Amino acid sequence: MTALLEVRNLNKSFGSVVAANDITVSVADGEVVGIIGSNGAGKTTFVNMVTGYMKPTSGTIEFQGRDITMLPTRRVIAAGISRSFQVPQVFSTATVADNLLIAYGIAQGTRYPLWRPLHHGARVDAVDAALERFGILNYRNLEAGLLPQGVRKLLDIAMATVRGPRLLLLDEPTSGISVEEKFGIMDVIMAALRAERCAVLFVEHDMEIVGRYAERVIAFAEGTIIAEGAPAAVIADPQVRRYVTGEPVGARRFRAAPAS
Amino acid sequence: MDRTTRALLAAAVLLIGASFLIPDWVIFLATVIVAKALVVLGLVILWRTGLMSFGQALYYGLAGYAVGLAQAELGVRDAFLLVGIGILSSAAIALVLGFLLARYRDIFFAMLSLAFSMIFYGTLVRSETLGSTDGFSILLPHFLGYAPGSRAAGHDLLILTVVLAAAAAWLVHRYLASPMGHLTTAIRDNEIRVEYLGYSVERAIRVKYVLAAALAGAGGALVVLAVGHVDPDSTYWTTSGEFVFVTILSGAGSVLAPFLGSALFETLRAYATDYAPHSWQMVLGVCLLLLILFMPQGVWSLFGRVRRLGAKDKVAS
Amino acid sequence: MLTALTILVDGLVYSSWLFIVAVGLTLIFGVMKVLNVAHGGFYSIGAYAAAWSIGLYFQAGFAPLGAYALLILSAIVSGAIVGFVLERGLLRFVYGRDEVLVVLVTYAVFLILENLVLQIWGVDAYLAYQPDSGLGVTKLDGLAFSNYELALIPTAGLIGFGLWWGLNRTRAGKVLRAVIHDREMALAFGIDVQRLFTVTFVIGAILGAFGGAVTAPMISVTPGIGVEVIVLAFAVVVISGLGSVPGTMVGALIVGLCRAAAVHLLPQVELFVIYAVMSVVLIVRPQGLFGTSQPRRI
């Protein structure tokens with residue numbers, strides 16, 4: 001069975017900085033994969049390349065057997081991949097509902113614009129259902145620019161699911177969210193996505209989240225994949241300890257402040 | 001039928017009714033006001049997308065010259081055909097230029113549009129066949145085979161202008177309410193998001209640019225038919241500047257706003273011509289400054305403010 | 001007779017003129033990120049101030065040599081006054097606003113300045129040809145070049161060198177480059193960004209006025225010269241990459257040489273040459289030749 005996403009030998013450099021070094025990743029239908037790595041390790045660059053926002057220096061990206069390496073973002077989206085952003089990208093002057101309506105409007109094709117206003121009955125119902133699934137129906141008439149961070153993230157992800165993607169890349173879905181809320185939000189997201197049966201690739205810094213939700217974990221460091229496998233194994237991997245997670249706090253010995 | 005549609009219909013009916021009672025000079029003024037408002041309507045679409053064209057005079061003037069040439073070279077006299085020719089010529093050029101312009105935003109877009117209009121101006125001024133700075137005259141329009149005298153032609157033209165403008169404004173209103181229409185403010189807010197939803201921002205901008213040019217062309221064709229003359233001034237940067245001014249004056253809040261703004265503008269111009277004939281540009285500049293500093297949403301936003309004052313007691317949802 | 005040499009010299013003369021005229025715009029944009037459409041107004045004012053004062057000067061019968069100093073002086077005075085009043089009185093209130101709004105403000109100012117010029121000096125043409133004709137001509141392969149025109153080349157070089165030296169070799173220049181790089185960071189370091197903006201704007205205005213002043217003896221100074229220039233200056237600045245002074249020099253050179261070639265070889269396209277060059281450059285390199293590309297947003 002061909003994998004859903006097949007990335008082979010992806011390379012990307014920005015001048016002398018190597019953001020991606022021979023990256024090979026495979027994602028199966030419906031899989032949930034976590035990506036970890038310290039800042040600057042190349043995780044977001046990877047997501048950017050898979051979604052066509054950046055072009056790799058070399059290597060191929062295949063989605064459902066089709067080569068999408070050089071496609072522009074909008075074609076990649078049309079093919080069935082979607083993503084959410086580290087900093088949520090929403091239409092700040094539009095309401096939450098309008099944000100999703102626009103997403104639906106585009107997804108449903110804009111071929112007969114004059115005869116179907118944005119606030120068309122069936123579309124509004126679909127939007128409300130989506131808002132309900134992500135638990136943000138209460139915010140429906142609020143301007144997106146005024147939303148609290150967590151809600152904005154959920155809106156961002158909701159917009160990404162409108163086209164019913166087969167693969168969704170989430171870039172740090174819980175960053176900027178308080179510790180108490182993180183799990184709640186991830187529960188909502190993963191429940192909504194499981195209903196869609198879409199494969200998920202999420203970038204995360206919080207190892208507890210990774211441990212709980214990922215079936216498989218890939219660890220990046222300085223543009224290279226240093227470990228891959230079950231979450232517990234990867235997190236315990238010495239290379240991962242060295243480059244990504246660091247030593248557990250208990251094992252560290254604190255040095256006394258130097259005498260002046 | 002929503003509020004805007006009702007208002008458009010009412011305004012059109014009223015204006016056409018009044019046209020039988022008002023003197024000739026008011027008929028002429030009304031025609032110019034409504035026609036120029038069409039140009040501004042196009043600019044409003046672009047303004048909502050976050051773009052300001054400093055060169056709409058290109059399409060405004062081009063349509064005028066197309067009308068004149070169609071009369072002179074092709075013998076076309078029918079008003080409907082002439083306006084159609086004006087619209088199509090402007091739209092065609094905009095389609096081509098759009099491929100370059102749609103890649104740019106903000107000041108690049110503004111100045112590139114200015115540059116293109118000035119190229120056209122330069123070409124016209126150097127062209128002896130097109131009358132150079134004098135331009136040439138436009139003959140009275142015919143209406144579906146019927147050739148009215150000067151007075152009746154002016155009246156018929158006003159009716160045509162009002163009907164066309166009302167139809168255009170209604171179509172733009174529907175357009176702005178559709179998903180494609182929402183891609184105006186959406187693009188202004190977040191282009192990356194639009195691409196990530198699967199739509200080409202450049203393509204959307206090109207479409208809006210052609211729309212704006214078509215509207216400018218309609219306005220330009222109607223004005224030259226009303227005035228009976230076309231010259232390069234209609235493509236000069238100051239003409240573009242006036243359209244920009246009216247756009248800011250009107251605001252982007254409603255398709256009705258440009259008509260109000262255009263009326264206010266012509267009134268302002270009438271007073272300025274009387275009291276300060278050599279200071280028109282200064283008046284324009286000062287007023288534009290005051291508008292930008294104190295009322296950047298345009299006069300239409302005043303209606304919104306009044307409505308909100310009335311609703312202040314309601315609890316926010 | 002037409003040779004490569006005449007085209008080259010003609011091109012260099014025009015390039016120098018373009019550089020002098022456009023560099024003020026570049027400076028202001030580079031430092032303040034404001035595209036000052038009113039730059040065309042500075043040019044007009046400089047041209048009129050120079051033409052008018054030179055007219056008076058020669059009427060009074062003074063020695064021709066002083067006229068050149070007068071040119072420079074009229075540019076400095078007119079540029080400084082208009083620049084200072086504009087920056088302190090208007091521009092500093094709109095800095096934070098939307099880019100297009102700021103351009104609209106400068107556009108409104110341009111309208112006002114153009115009309116001001118009309119009010120002060122009227123619609124008649126001003127001629128101040130004496131500084132130009134006073135220097136005589138040089139014949140190159142049969143084509144006569146006014147020495148005044150040729151003097152534009154070293155003038156442009158001097159201005160370019162002066163700006164380079166000022167930006168790279170003085171402390172004030174280093175501070176300016178810090179502000180260009182990151183305004184907020186500079187503020188955090190205690191740099192008086194506000195004062196710097198005023199100084200930069202005034203220098204830019206003086207340079208704009210100087211462009212007009214220097215041009216006055218070569219043309220008939222009439223209303224409307226400002227707008228032709230602003231479009232040209234913008235084209236040069238865009239080709240070079242907004243805000244780059246060395247880029248403006250290169251951009252001016254390219255445009256100048258292309259135009260000279262067009263004027264002599266294919267006169268019909270002269271008008272379009274600069275815009276054609278601009279279009280080609282923008283298609284190949286959207287940020288201009290020396291411009292910096294946009295930083296990553298996601």
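**Terms and model**

Two strands pair if DSSP finds at least two bridges between them. Helices (H or I, at least four residues) and strands (E, at least two) are DSSP runs, numbered from the N terminus.

This is a predicted model: local features need pLDDT of at least 70, side-chain atom pairs count only at pLDDT 80 or more, and totals for chains, interfaces and linings use all residues. Residues are numbered from 1 along each chain as its sequence is written, and chains are lettered from A and ligands numbered from 1 in the order in which they are written.

**The sheet in chain A**

Chain A holds an open sheet of six strands, ordered β6-β7-β8-β3-β9-β10, with mixed pairing. Its edge strands are β6 (81-84) and β10 (224-229), each pairing on one side only. β9(A), residues 216-221, pairs with β10(A) in the antiparallel sense, over five bridges. A:A219 has A:A227 in β10(A) as its bridge partner.

Helix α1(A), residues 43-50, packs on the sheet. Among the strands that α1(A) touches are β3 (32-37) and β7 (167-171) of chain A; contact means C-beta atoms, placed from the backbone, within 7 Å.

**The helix in chain C**

Of the 29 residues of α1(C), 24 are buried, so the helix is largely enclosed by the rest of the structure. Buried means 20 or more other C-beta atoms within 10 Å of a residue's own, all placed from the backbone. Just after α1(C), C:K33 has a positive phi of about 55 degrees.

Technical notes:
Two residues are in contact if their C-beta atoms, placed from the backbone, lie within 7 Å. Axes are lines fitted to C-alpha atoms, for helices over the stretch in contact, and angles run from 0 to 180 degrees between N-to-C directions. A residue is buried if 20 or more other C-beta atoms lie within 10 Å of its own, exposed if 12 or fewer, and partly exposed in between; C-beta atoms are placed from the backbone.
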